[in-house]
Amino acid sequence: MSSFTARQIMIDAHGPAGNMIVKNIPLGVPGPSEVRIRQTAIGFNFIDVYQRSGAYPLSLPSPLGHEAAGVIEAVGSDVTDLKVGMRVAYINAGLGAYADLRNVSAEKLVPLPDTVSDEQAAATIFKGMTAQYLLKHTCPVQAGDMVIIHAAAGGVGQILSGWAKALGAFVVGTAGSDEKCAIARAAGCDIAINYRNENWVEELLAATKGRKARVVYDSVGKHTFLQSLDLAQPFGMVVLFGAASGPAPDISPEILNKKGCLFLTRPSVFPHNATPERFRANAADVFDAIAKGFVKVEIAARFALEDAPAAHELAESRASSGAILMVP
């Protein structure tokens, strides 16, 4: 039986970025329902940091990474809808995207249209699919809605900002510096507020003339969550979908009543794309948004596979804006 060797990032222990090392992993031929992909671009997402550090513990030793794009090199005997030479991408094929070569179940893959490059797909599909479910499913945004997007200069934040604006929303972003606020405005925010300012909530409400949001999208967590509850309108929704500054504090459900009968949810991308049909339909929506210019792909930095620790350190410094890629 033919076999190949993949270069794959692994961790043997949770902890700092330096725990990631490249290992040579034997790779057999694709199974009947699998394809082998030569990966050309690998996406980074903050969940990778949570899993590597142990905030979201993994069974060790473990690979890392959820999304990548590449070219099919071989297909299993039962695969009929994918062909050698096709460009594909994925977000939910199991951990292990930090690799140059990989066997992936065919049902986890979506073919890429000519309008989307491999780098655009790897930089955008996880973040774009996150924005897609937040805007279209968790709280379907309508023209005229006011939305607040924390970390609006980040990878997901920029996509959310531009797409929400294209849907007709009034978009208020927050970010951690004046420079990042400028990035948020360029991404589509009508207003951008530096949440490191002492009175940033009052500053935001002054800028909106007291108007509060139908939905607050909060991926920051600890540093913004309680304020998010104060910035949602009565019967509004607070969507907690990340924890870049640490876990959000626990609250009593009664607080939601006192703040205006609010709705609070903690969704994630994978249940929204649990079947091949839903995944490919949602991905088509993302690719259409890219083609229409609603979603702009901004790549902040590229790293070689062996430099994955530097990619994580850059993300953890929160000094970057836009997407981070690894190129095998």
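Two rings of Phe, Tyr or Trp count as a pair here if their centres lie within 6.5 Å.

**Close-up 1. An aromatic cluster brings together Phe44, Phe46, Tyr50 and Tyr56.** Keep in mind that this is a predicted model. Search the whole structure and you find five aromatic pairs. Take tyrosine 50 and tyrosine 56: their ring centres are 5.0 Å apart and their planes meet at 55°, so this pair is tilted. Is tyrosine 50 buried or exposed? With 11% relative accessibility, tyrosine 50 counts as buried. Tyrosine 56, at 31%, counts as partly exposed.

**Close-up 2. Three strands line up as an open antiparallel sheet.** Reading across, the order is E2-E1-E4. Strand E2 (21–28) and strand E4 (62–63) are the edges, each with pairing on one side only. Zoom in on strand E1, which covers residues 3–11: two bridges join E1 to E4, in the antiparallel sense. Which residue of E4 is the bridge partner of isoleucine 11? That would be serine 62.

**Close-up 3. A second open sheet has six strands, and here the pairing is parallel.** The strands come in the order E11-E10-E9-E12-E13-E14. At the edges sit strand E11 (191–194) and strand E14 (263–265), and each of them pairs on one side only. Going from one strand to the next, the twist averages 15°. Now for the E11 side of the sheet: E11 and strand E10 (residues 170–175) are paired in the parallel sense, over four bridges. As an example, alanine 175 has asparagine 194 of E11 as its bridge partner.

**Close-up 4. Helix H2 packs against helix H8 at an angle of about 105°.** H2 spans residues 118–138 and H8 spans residues 276–292, and the two axes are 9 Å apart. Angles from 65 to 115 degrees count as roughly perpendicular, which means H2 is roughly perpendicular to H8. On the H2 side, the contact includes Gln120, Thr124, Ile125 and Gly128, along with Met129, Gln132, Lys136 and His137. H8 brings Phe279, Asn282, Ala283, Asp285, Val286, Phe287 and Ile290. What sort of residues are these? Seven are nonpolar, six are polar and two are charged.

**Close-up 5. Leucine 256 has its place in helix H7, which runs over residues 253–258.** Why does leucine 256 count as buried? Its relative accessibility is 16%, and buried means under 20%. Who are its contacts, once neighbours within four places in sequence are left aside? Leucine 256 touches Leu229, Ile251, Cys261, Leu262 and Leu264. For a sense of distance, pick out alanine 207, 49 residues away from leucine 256 along the chain. The C-alpha atoms of leucine 256 and alanine 207 are separated by 25 Å.

Key: Residues are numbered from 1 along each chain as its sequence is written. This is a predicted model: local features need pLDDT of at least 70, side-chain atom pairs count only at pLDDT 80 or more; totals for chains, interfaces and linings use all residues. Side-chain values use heavy atoms; hydrogens and water are left out. Buried means under 20% relative accessible area, exposed over 50%, partly exposed in between (1.4 Å probe, protein chains only). Contact means heavy atoms within 4.5 Å. Two strands pair if DSSP finds at least two bridges between them. Axes are lines fitted to C-alpha atoms, for helices over the stretch in contact, and angles run from 0 to 180 degrees between N-to-C directions. Angles under 35 degrees count as roughly parallel, over 145 as roughly antiparallel, 65 to 115 as roughly perpendicular and the rest as oblique. Ala, Val, Leu, Ile, Met, Phe, Trp, Tyr, Cys and Pro count as nonpolar, Asp, Glu, Lys and Arg as charged, and the others, Gly among them, as polar. Rings of Phe, Tyr and Trp (its six-membered ring) pair if their centres lie within 6.5 Å; planes under 30 degrees apart count as stacked, over 60 as edge-to-face and the rest as tilted.
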